[in-house]
Structures are given as C-alpha cells and as structure tokens.
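Me: I'd like to go through this model with you, one feature at a time. Could you give me the general idea each time and then the case at hand?

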Amino acid sequence: MRATPPLPSIEAITAELATVGITHVGVAPATHMDRARRALENRKVSGYSDTMSFTWRNPDRSTTPEMSVKNAQSLIVAALPYLSEDTTTPEGRRAHIARYARTDHYSILRGGLREIARQIRAAGERAVAFADDNALVDREAAYLAGLGWFGKNANLLIPGAGSYFVLGSIVTSARYNPSEPVADGCGSCTRCLDGCPTGAIVAPGVVDARRCLAWLLQKPGTFPHDMRTALGDRIYGCDECQEVCPPTVRLGRRAMSSAEPQLGEWIDPLDILSMSDESLLDTFGVWYIAERNPRWLRRNAIIVLGNTCDPSDVRALRVLTQIGDGDDEVLAEHARWAISEIAGRSETSRV
Ligand code: B12
Ligand code: SF4
Ligand code: SF4
C-alpha cells in the first residue's frame with residue numbers, strides 16, 4: 001500500500017506557487033467574514049451594488065468558507081502580478097484594454113492553486129481552489145491573510161508592490177498558521193477618490209457600481225448617457241483609480257507579470273464592429289461579457305469611437321451611420337450619439 005504523502009508546508013507551497021509567477025502567499029483562518037457580509041448587505045440596500053450578482057448572488061456562501069469546504073480551517077491566499085509594459089497611445093480612434101484583461105491571469109492563478117489543492121487532498125485533507133469565483137470575497141480573504149491593506153480605491157494593496165495583482169484562495173480543512181494583518185498604508189492620501197473620472201468612490205473603500213466604468217462596461221443594456229464621455233477610450237475595465245495611486249505607480253514594477261500578453265494594450269474599435277459574433281467571443285471570451293452576448297462589446301466600441309474618432313475618419317463614420325440606421329435599436333441609439341459627438345468635435349475645431 002502506498003503511504004499518504006505529508007501535508008505540504010506553507011514554505012513549500014509558496015515556493016511551488018512562485019514557479020507559476022505567484023509572488024505573495026498568506027494564510028487566514030477560515031472564519032465567517034463578518035465585515036464583507038455587512039458590506040455586501042449595505043451596498044445592496046444603498047443601491048451601490050446595482051444589478052451585479054457575483055458575490056451578491058449568495059452573500060452567505062461568499063462570506064462563509066465552510067459552506068464551500070466542510071470543516072474548513074484555513075484559507076491559503078495568493079496574489080499574482082498582472083502589470084505588463086505599456087505601449088504608446090495611438091492617434092485617433094483607439095480602444096484601451098485594462099491591465100488585468102490582456103491575459104487570462106485567473107487561469108494561471110487557478111492552475112497553480114489547483115495543483116496545491118490536489119497535493120493537500122492527497123495528504124488526506126479537503127481543499128478547493130477559488131479565484132474570481134462567486135463563492136468567496138477574494139479581497140477580504142487576502143486582507144485577512146495579511147497580504148495587504150484595503151486601499152481607499154477598494155483594491156487590496158500589497159506593501160512594497162501596490163495593487164496590480166489578481167487574488168485567489170484555497171479553502172482547506174488543513175490547519176496552517178495564520179499570517180499577521182497588514183496596517184493601513186493610505187494615510188492621508190485621497191488621490192483615487194479625486195482621480196476617479198465619474199466620482200464612483202463615494203467613501204474610502206466604497207465603490208458605487210452605478211457610476212463605476214468597470215461595471216458599466218460589463219452591464220447589459222443602454223450605457224448611461226451621463227457616463228459616456230467619461231468612458232473615454234476604455235473598452236474593457238478601468239485602471240484610473242490605480243493609475244493615480246502613488247504606491248502602486250511607484251512600486252508596481254517590482255513585481256511584473258511573467259505571462260506573455262494575449263491581447264495588446266490598444267485595439268481598433270472598428271475591428272470590433274467588423275468581427276463576427278463567433279470571432280468576438282473567440283478573441284475576447286475570457287472577459288466577462290453579459291449573457292455571452294457580443295452586442296455589449298459592440299455597444300462599448302461605438303461609445304469609444306464617439307469619444308476618440310477624428311471627424312475626418314470617413315470609414316468610421318460610414319460604419320456608425322450604417323449601425324445608426326440598423327435594426328438593433330440599442331446599438332443604433334449609441335451610434336447616433338457617437339456621430340453627434342464626433343460632429344461636435346468638428347464644430348469645435350472650426351471655431
Ligand atoms: C464584483 C466585482 C467587481 C465590481 C464591483 C467592485 C467592488 N468594489 O465591489 C466591478 C465590476 C466594478 C469591479 C471592478 C474592478 N475589479 Co473586481 N471584482 C468583483 C468581485 C467578483 C467581487 C467583489 C466583491 O465581492 N465586492 C463586494 C464589496 C463589499 O467588497 P469591497 O468593495 O472589496 O468592499 C470591502 C471594502 O469596502 C472593505 N472596507 C470596509 N470598510 C472599509 C473602510 C475603509 C476605510 C476601507 C479603505 C475599506 C473598507 O471591506 C469590504 C468587504 O471586504 C471580485 C472577485 C471576488 N470573487 O471577490 C473582483 C475583484 C475585487 N476585482 C478585481 C479587479 C482587478 C478589479 C478592477 C481593478 C478591474 C479593472 N481594471 O477594471 C476594478 C477595480 C474597481 C474598484 N475600484 O473596486 C480584483 C481585485 C484585486 C485587488 N488587488 O484588489 C478581484 C479581487 C478579482 C480577483 N480575484 O483578483 N469588480
Ligand atoms: S475603476 Fe474607474 S470608474 Fe471604477 S472606481 Fe476606479 S477609477 Fe472610478
Ligand atoms: S490613491 Fe492614495 S488613498 Fe487611494 S488607494 Fe492609493 S494610496 Fe490609498
């Protein structure tokens with residue numbers, strides 16, 4: 001009979017996770033996450049969670065690790081850096097992809113965590129890996145595991161490294177020694193509150209999703225009129241509250257992503273409008289696209305064209321006019337808006 005392998009130590013786990021690019025690991029007790037539970041309830045009542053489901057789908061489950069793994073004792077929480085090199089901003093029409101969305105960092109993180117979970121199970125314990133899953137509030141797990149502090153921009157900031165990290169956990173019945181929590185590092189800084197283009201950070205650590213561009217780009221339906229100009233050239237995700245964050249900007253480069261980006265920083269929004277449903281889902285399928293309906297990507301591309309397209313860009317204007325005259329009333333309305341924005345810029349440049 002083969003002997004049961006020993007439980008991997010936290011040092012061995014950290015070393016193994018480092019081989020896939022995971023730079024920070026900590027341990028939290030698998031207790032109920034009271035603060036996150038309260039925050040989920042409060043954001044629902046105040047309307048800040050808008051129509052998001054995610055961790056709100058079942059707040060009891062997403063804040064109670066034991067509901068995912070029977071007799072859970074510990075969370076092993078890991079952070080993977082996603083910062084990659086910037087490229088130059090193109091002239092004219094352009095669409096910007098947020099830093100975390102240029103590679104499927106979650107699958108790298110999950111892959112590393114699943115392998116460790118397998119080793120823990122082989123040692124006779126229960127263990128399940130989660131990363132960006134509705135079953136667990138990842139930032140609270142990371143805070144409790146001493147990986148970092150909650151920034152006023154709501155992101156988890158790692159001391160000496162900033163917030164350009166994705167987070168994931170292994171919930172396990174095995175007992176590991178919990179790490180020490182990290183003290184607040186924001187101090188009197190308020191740059192993210194002032195720097196958010198839509199004023200979505202309504203209090204330190206509290207994001208009103210109804211104003212957050214990252215959510216509005218994912219949400220199905222008509223894009224709110226009063227947020228369209230502020231969207232600028234963003235096609236997926238928004239990095240602004242991190243781009244203005246001193247520790248993240250200053251120290252982020254200490255831990256860079258080692259993964260080859262699958263997508264560039266910039267794409268041509270006209271390409272999105274000329275691609276088939278199938279190729280849109282093939283190219284951008286790792287993104288959260290509501291209802292898996294590429295129509296919402298096209299909607300975003302139309303707004304971005306409205307914000308970035310030069311009035312002399314005949315090709316883009318022709319495509320927008322076709323959509324504006326088309327059968328999809330939602331896209332048509334966005335296209336007519338974009339045309340009038342572009343025309344407005346041509347008026348301004350003549351004055
Ligand atoms: C829903 C969601 C969103 C929503 C809502 C975000 C939000 N702030 O709630 C939207 C679509 C807007 C979004 C955007 C982004 N997201 Co998101 N998102 C999630 C998801 C799926 C759930 C988050 C959640 O449960 N929120 C619930 C609320 C209650 O949590 P919270 O905002 O963190 O609230 C805490 C703080 O308020 C804190 N707190 C309480 N009191 C106080 C007091 C003070 C003074 C402070 C400072 C804090 C504080 O405690 C609360 C509870 O823990 C997680 C993945 C997961 N399963 O956890 C990823 C996750 C949070 N997202 C992530 C990322 C990368 C982003 C973006 C940067 C992506 C982008 N570039 O566009 C932006 C950042 C926007 C922002 N400033 O938060 C990462 C964050 C990594 C990190 N280092 O923090 C996560 C963890 C995914 C992952 N597994 O890596 N996201
Ligand atoms: S992601 Fe963008 S819109 Fe959302 S809170 Fe941060 S800066 Fe504001
Ligand atoms: S910008 Fe300033 S206040 Fe906001 S998270 Fe960064 S350090 Fe904290």
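Me: How far apart do the C-alpha centres of domain 1 and domain 2 lie?

Reply: A word on conventions before the number. This is a predicted model, where local features need pLDDT of at least 70 and side-chain atom pairs count only at pLDDT 80 or more, while totals for chains, interfaces and linings use all residues. Residues are numbered from 1 along each chain as its sequence is written, chains are lettered from A and ligands numbered from 1 in the order in which they are written, and side-chain values use heavy atoms, with hydrogens and water left out. Domain bounds come from an automatic or database domain assignment. Here that gives domain 1 (10–83 + 100–172) and domain 2 (213–346), and their C-alpha centres are 29 Å apart.

Me: How many residues does each domain put into the contact?

Reply: Contact means heavy atoms within 4.5 Å. Domain 1 puts in 26 residues and domain 2 puts in 30.

Me: And how much area do domain 1 and domain 2 bury between them?

Reply: Buried area is the accessible area (1.4 Å probe) that two parts lose on being put together, summed over both. For this pair of domains that comes to about 2,300 Å², with 56% of it on carbon and sulfur atoms. On the domain 1 side, L83, R102 and Y164 supply 28% of the area buried against domain 2, more than any other three residues.

Me: How many salt bridges are there across the interface of domain 1 and domain 2?

Reply: Side chains of opposite charge can pair when their charged atoms come close. The rule asks for a side-chain nitrogen of Lys or Arg within 4 Å of a carboxyl oxygen of Asp or Glu. It finds one across this interface, against 17 in the structure. D50 and K219 form a salt bridge, at 2.8 Å from N to O. Another pair to look at is E140 with R35, whose closest N and O atoms are 3.2 Å apart. That one joins distant parts of the chain, since E140 sits in helix 5 and R35 in helix 2, 105 residues apart.

Me: Now ligand 1. Which residues come nearest to it?

Reply: A residue is near a molecule if one of its heavy atoms lies within 4 Å of it. Ligand 1 has 41 residues around it, and R43, T55, D138, E140 and G205 come nearest. The shell takes at least three residues from each of domain 1 and domain 2.

Me: Which element gives the most to that shell around ligand 1?

Reply: Helices (H or I, at least four residues) and strands (E, at least two) are DSSP runs, numbered from the N terminus. Helix 2 leads with five residues.

Me: What polar contacts does ligand 1 make, say with D138?

Reply: For a ligand, look for a pair of N or O atoms within 3.5 Å; within protein, one must also be able to donate a hydrogen and the other to accept it, and residues adjacent in sequence count only if both atoms are side-chain atoms. A polar side-chain atom of D138 is 2.7 Å from a nitrogen atom of ligand 1. Backbone atoms take part as well: a polar one of N153 is 2.8 Å from a ligand nitrogen, and a polar one of F165 is 3.2 Å from a ligand nitrogen.

Me: Last one: which residues surround ligand 3?

Reply: G151, K152, N153, C186, C189, R191, C192, C245, P246 and P247. Helix 6 (191–195) and helix 10 (246–251) each supply at least two of the shell's residues.
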